[in-house]
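Subject: Structure handover

Hello,

Please find the structure below, with the sequence alongside. My notes on what was found follow.

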Amino acid sequence: MCLFCGQSQAAYERNQAVPVEKVIYGQIESVKNITEKQLVEDSHSGWKTFGGALVGGVIGHQFGGGSGQDVATVLGALIGGGIGSQHGNQQYYLETKLVELMIKQEDGSQVMVIQDADPGMRFAAGDEVRVVYLSGYVRVDLAM
C-alpha cells in the first residue's frame, strides 16, 4: 500500500497541459472526506502597527503647543502603535477540504491518495477511476 498526498493547491489548472508519467485505472474501495486545519498568522501586523502610530501621532499633534505639542504627538504615536499592534496580532484557522481515496488499481496493487475535494467530482465506492501520476504528485479523476 502506498500513500500519496496531493498538494493543497494543485500545481496545474484543469485546462492546462502538463507532462504525465503514467496513468493506471482502478476502482475506488473507500472514500473518506476529511478536513485539514492550518493556523495562519496575519502577515500585515507590521503595517497595522505603523498605521496606528501614524494616526495616533497625527491626532496627538492637534493638542498643545510648543514642547507640549511634541509630547502629545509622541504619546499619540505610542498609543496608536500599541492599539494597532494589538489588533495586528490576529490568528485564524484556514480549513482545507480533502478527500481520502483507497483505490485498487488494475494491476492488483492498492494506493491511498489524499487530494483536494473537488465539488465537481464526487467519488463513491465502486467508481472506476484513473490514477494520473504527474511529476511529483498524483491526481485521481473519474474514468471517462
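Which residue takes a positive phi in the hairpin of E5 and E6? That residue is Gly136, with a phi near 95 degrees, and two residues lie between the strands of this hairpin. Please keep in mind that the model is predicted.

Overall layout

The chain holds two helices and six strands. Their order along the sequence is β-β-α-α-β-β-β-β. Of the 144 residues in the chain, 29% are buried. Among contacts with a separation of 6 or more, 68% join residues 24 or more positions apart.

Strands E5 and E6

E5 covers residues 128–134, and E6 covers residues 137–142. The two strands pair in the antiparallel sense, with six bridges between them. E5 is largely enclosed by the rest of the structure, because five of its seven residues are buried.

Val129 belongs to E5. Its relative accessibility is 0%, so Val129 counts as buried, the cut-off being under 20%. Asp141 is 12 residues away along the chain, yet the C-alpha atoms of Val129 and Asp141 are 5.6 Å apart. Leaving out residues up to four places away in sequence, Val129 touches a set of residues including Ile24, Tyr25, Gly26, Gln27 and Ile28. Ile103, Phe123 and Val140 are also among them.

The nonpolar core

The largest nonpolar core consists of 14 residues, and those with the most contacts inside it are Leu101, Ile103, Phe123 and Val140. E2, E3, E4, E5 and E6 are the elements that each give two or more residues to this core. Phe123, with neighbours within four places in sequence set aside, is in contact with Ile28, Val31, Leu101, Gln115, Val129, Val140, Asp141 and Leu142.

The largest pocket

Strand E2 (20–41) and strand E3 (91–105) are the elements that give two or more residues to the lining. Sorted by class, the lining has eight nonpolar residues, one polar residue and three charged residues.

Regards

Note on methods. Residues are numbered from 1 along each chain as its sequence is written. This is a predicted model: local features need pLDDT of at least 70, side-chain atom pairs count only at pLDDT 80 or more; totals for chains, interfaces and linings use all residues. Side-chain values use heavy atoms; hydrogens and water are left out. Helices (H or I, at least four residues) and strands (E, at least two) are DSSP runs, numbered from the N terminus. Ala, Val, Leu, Ile, Met, Phe, Trp, Tyr, Cys and Pro count as nonpolar, Asp, Glu, Lys and Arg as charged, and the others, Gly among them, as polar. Buried means under 20% relative accessible area, exposed over 50%, partly exposed in between (1.4 Å probe, protein chains only). Contact means heavy atoms within 4.5 Å. Two strands pair if DSSP finds at least two bridges between them. A nonpolar core is a set of buried Ala, Val, Leu, Ile, Met, Phe, Trp, Tyr and Cys residues joined through side-chain atoms within 4.5 Å.
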